[in-house]
Amino acid sequence: MAGALGLHVITTQLPIAFISATKQTFRRASVIRCAANPPNKRYTIAVLPGDGVGNEVIPVAVDALRLAGSLEGLDLRFEELPIGGAALELVGVPLPEETLRKAKQSDAVLLGAVGWHVLIIVYLPKWDNSPKHLKPITALLQLRAGLEVFSNLRPITVFPQLVDSTYLRKDTAEGVDIMIIRELTGGIYNAHPRGFTTNEQGDEVGFCTESYSASEVDHIARVAFDIAKQRRSKLCSVDKATILEGSMLWRKRVTAMGLEYPEVEVSHLLIDTAAMDLVRYPRQFDTILTGVMFGDIISDLAAMIPGSVGLLPSAALGDSGPGIFEPVHGSAPKHYGKDTVNPLAAVLSAAMLFRYGLKEENAAQRIEKAVSDVLDRGFRTRDILTPGTTLVGCKRMGEEILRSLDARVSVSNGSLV
């Protein structure tokens with residue numbers, strides 16, 4: 001592929017301070033340049049494959065970034081760093097200081113998954129009995145906090161080529177295009193007090209606090225209104241304002257902010273009604289705004305509209321600094337090492353990295369058009385296989401994406417062909 005494109009490849013060994021303490025080495029960072037379109041912008045991408053199938057889908061996404069970037073004259077440098085269970089194995093903590101430092105210094109972070117299991121006849125959680133600060137998932141929360149990201153963008157799009165893969169009726173799923181905007185730093189996942197105690201009857205009690213401040217709601221709501229303006233100017237805020245005080249404040253603040261955006265149609269739904277409507281009539285939704293827990297649940301529910309969680313990308317963004325771009329599907333240990341996982345969520349996360357992280361819209365569109373082209377040509381992984389299509393594994397799907405990218409070269413006016 002490189003020879004056919006006339007690409008010049010430069011490789012550099014990654015300067016990971018703690019690597020000398022282990023025998024494990026990481027893939028080398030690489031830069032791909034297109035001789036016909038010399039680089040005019042330079043970016044550093046922190047690559048965190050993490051655990052499980054993250055190690056299978058992230059290389060596919062990196063290859064797509066390299067090629068799409070080179071075709072746009074972008075000089076991309078990749079630094080691979082450990083996180084999650086892989087980091088626990090290496091240095092005993094889920095998020096090493098070196099990983100966080102390099103991530104902060106990067107222009108964007110491409111993340112695979114965190115969470116590791118061990119195979120003993122069946123897959124068993126390897127770190128479940130560890131203290132909370134030594135669980136792989138803690139790395140994700142620490143990374144979000146360290147990079148100060150607070151808004152989670154999760155698009156739900158039904159590709160016309162995949163309407164037969166949906167779990168809904170075809171006429172219900174056709175044309176669905178939703179952006180779920182989920183708050184990340186407040187709510188029941190993050191608020192205090194929380195912990196364990198014993199009640200008056202001597203029973204052990206676990207408790208969390210569900211709370212949102214006015215500033216937290218305003219922060220994420222402004223992001224949602226701005227994005228809704230760029231889409232179809234419809235914003236649905238999802239809460240549980242009939243019961244939860246945090247949701248009562250949430251609805252009050254979103255309603256007030258709506259006065260600043262008269263061009264945006266604002267509606268409110270309770271979480272249970274929203275979940276029902278997502279499977280009953282999903283096309284009514286354009287932009288959905290919700291809190292950390294409700295967003296976690298309904299975005300996974302919405303994955304069944306296009307047909308697979310293996311199709312869902314995401315972006316976690318802050319006011320400044322690098323964002324985190326990752327597939328929604330997690331480490332999927334039962335699929336690890338079998339070359340069966342769908343890499344499209346990771347590849348589409350790479351497109352979001354270009355669009356939202358680097359503001360390189362042309363490169364983002366190159367990747368999205370390549371994905372559409374691969375689907376047009378009938379290639380499918382196991383999770384989206386339908387009669388008359390061709391079953392391929394993760395690696396082959398990645399090869400076909402590169403082939404589609406290769407066919408879409410720049411012309412003099414900057415358009416794609």
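Analyst: Let's begin with a pair of strands: strand 3 (residues 41–50) and strand 5 run parallel and are paired over 5 bridges. Strands here are DSSP runs of E with at least two residues, helices are runs of H or I with at least four residues, and both are numbered from the N terminus. Two strands pair if DSSP finds at least two bridges between them. Within this pairing, Ile-45 is opposite Ala-108 of strand 5. Before going on, note that this is a predicted model, where local features need pLDDT of at least 70, side-chain atom pairs count only at pLDDT 80 or more, and totals for chains, interfaces and linings use all residues. Residues are numbered from 1 along each chain as its sequence is written, and side-chain values use heavy atoms, with hydrogens and water left out.

User: Which strand does strand 5 (residues 108–113) join in parallel through 2 bridges?

Analyst: That is strand 16. Val-109 is opposite Ile-324 of strand 16, and Leu-110 has Phe-325 as its bridge partner there. As a general idea, side chains in a regular strand alternate between the two faces of the sheet. As for cover, 6 of the 6 residues of strand 5 are buried, where buried means under 20% relative accessible area, exposed over 50% and partly exposed in between (1.4 Å probe, protein chains only).

User: In what order do the strands of the open sheet lie?

Analyst: The sheet has 10 strands in the order 4-3-5-16-15-8-9-14-12-13, with mixed pairing. Strand 4 (74–80) and strand 13 (265–270) are at the edges with a single partner strand each, so one side of each has no neighbour in the sheet. Helix 9 (residues 271–280) packs on this sheet and touches strand 9 (177–183), strand 12 (234–239), strand 13 and strand 14 (287–290). Its direction makes about 105 degrees with that of strand 13; axes are lines fitted to C-alpha atoms, for helices over the stretch in contact, and angles run from 0 to 180 degrees between N-to-C directions.

User: What lies between strand 10 and strand 11 in their hairpin?

Analyst: There are 5 residues between them, and Gly-202 in the turn has a positive phi of about 85 degrees. Strand 10 (residues 195–198) and strand 11 run antiparallel and are joined by 4 bridges. Thr-197, for one, is opposite Val-205 in strand 11.

User: Where is Leu-140, and is it buried or exposed?

Analyst: Leu-140 is in helix 5 (residues 136–147), and its relative accessible area of 9% makes it buried. Leaving out residues up to four places away in sequence, Leu-140 touches Leu-111, Val-114 and Glu-326.

User: How many aromatic pairs does a search of the whole structure find?

Analyst: The search finds 2. A pair of aromatic rings is described by the distance of the centres and the angle of the planes. Rings of Phe, Tyr and Trp (its six-membered ring) pair if their centres lie within 6.5 Å; planes under 30 degrees apart are stacked, over 60 edge-to-face and the rest tilted. Tyr-212 and Trp-250 have ring centres 5.0 Å apart and planes at 65 degrees, so this pair is edge-to-face. Tyr-212 is in the loop between strand 11 (204–207) and helix 7 (214–230), and Trp-250 is 38 residues away in helix 8 (residues 245–258). Trp-250 is buried at 2% relative accessibility.

User: How are the rings of Phe-225 and Tyr-261 arranged?

Analyst: They are stacked, with 4.8 Å centre to centre and 15 degrees between the planes. Phe-225 is in helix 7 and Tyr-261 in the loop between helix 8 and strand 13, so the pair ties together parts 36 residues apart in sequence. Phe-225 is buried at 0% relative accessibility, and Tyr-261 is buried at 6%.

How values were computed
Contact means heavy atoms within 4.5 Å.
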